[in-house]
Amino acid sequence: GEGVDYDDLVFAVAPGVTDVVPPSVSVTLPGFGEAKPRTVLLQATAADDVVVNRVEFLVDGAVVERDWTPPYETVWTAKDVGTYAILARAEREKPE
């Protein structure tokens, strides 16, 4: 009828693009083989073509901290004098 306006819209819903390239991460502090005091700053950089959700810091295989915002870092204190393996793991949000 008169005085009525309509607007038509047609669109397609495409399947999502699967992100198959994992994020990259690198421990930047401490340096490899450096001797440090018992309390040390752990630092990492992370990048992804989509998004980095968080970085986890692991010491000898156990998660000691999670950081959701760059710069990714935490302070960790060793229980004993010794040698420790430090790993950073970057994760991205899972696509819906």
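This is a predicted model: local features need pLDDT of at least 70, side-chain atom pairs count only at pLDDT 80 or more; totals for chains, interfaces and linings use all residues.
**Exercise 1. The fold**

Work out which secondary structure elements the protein has, and in what order.

*Solution.* 
Step 1: count the elements. There are zero helices and six strands.
Step 2: read along the sequence. The pattern is β-β-β-β-β-β.
Step 3: turn to the contacts. Take those between residues at least 6 apart in sequence; 59% of them join residues at least 24 apart.

**Exercise 2. Thr45**

*Solution.* 
Step 1: find the element. Thr45 sits in strand E2, which covers residues 39-47.
Step 2: take the relative accessible area of Thr45, which is 44%.
Step 3: apply the cut-offs. Buried means under 20% and exposed means over 50%. The value of 44% lies in between, so Thr45 is partly exposed.
Step 4: list the neighbours. Leaving out residues up to four places away in sequence, Thr45 touches Ser24, Val25, Ser26 and Thr28.
Step 5: check a distance. Ala90 is 45 residues from Thr45 in sequence, and their C-alpha atoms are 8.9 Å apart.

**Exercise 3. Surface and pocket**

Describe the surface of the protein and the lining of the largest pocket.

*Solution.* 
Step 1: start with burial. Of the 96 residues, 23% are buried.
Step 2: take the surface. The protein exposes about 7500 Å², and carbon and sulfur atoms supply 55% of that area.
Step 3: size the largest pocket. Its volume is about 520 Å³.
Step 4: look at the lining. It has 20 residues, with Pro30, Glu34, Thr83, Tyr84 and Ile86 nearest the centre.
Step 5: sort the lining by class. It holds 12 nonpolar, four polar and four charged residues.

Definitions and conventions: Residues are numbered from 1 along each chain as its sequence is written. Side-chain values use heavy atoms; hydrogens and water are left out. Helices (H or I, at least four residues) and strands (E, at least two) are DSSP runs, numbered from the N terminus. Buried means under 20% relative accessible area, exposed over 50%, partly exposed in between (1.4 Å probe, protein chains only). Contact means heavy atoms within 4.5 Å. Accessible areas come from the Shrake-Rupley method with a 1.4 Å probe; for residues, only the protein chains shown count as cover. On a 1 Å grid over the protein atoms alone, a cavity is a set of points where a 1.4 Å probe fits but cannot get out, and a pocket is an open set with protein on both sides within 12 Å along at least five of seven lines; lining residues have an atom within 4 Å of a point. Grid points are joined across faces, edges and corners, and a volume is the space filled by probe spheres set on the points. Ala, Val, Leu, Ile, Met, Phe, Trp, Tyr, Cys and Pro count as nonpolar, Asp, Glu, Lys and Arg as charged, and the others, Gly among them, as polar.
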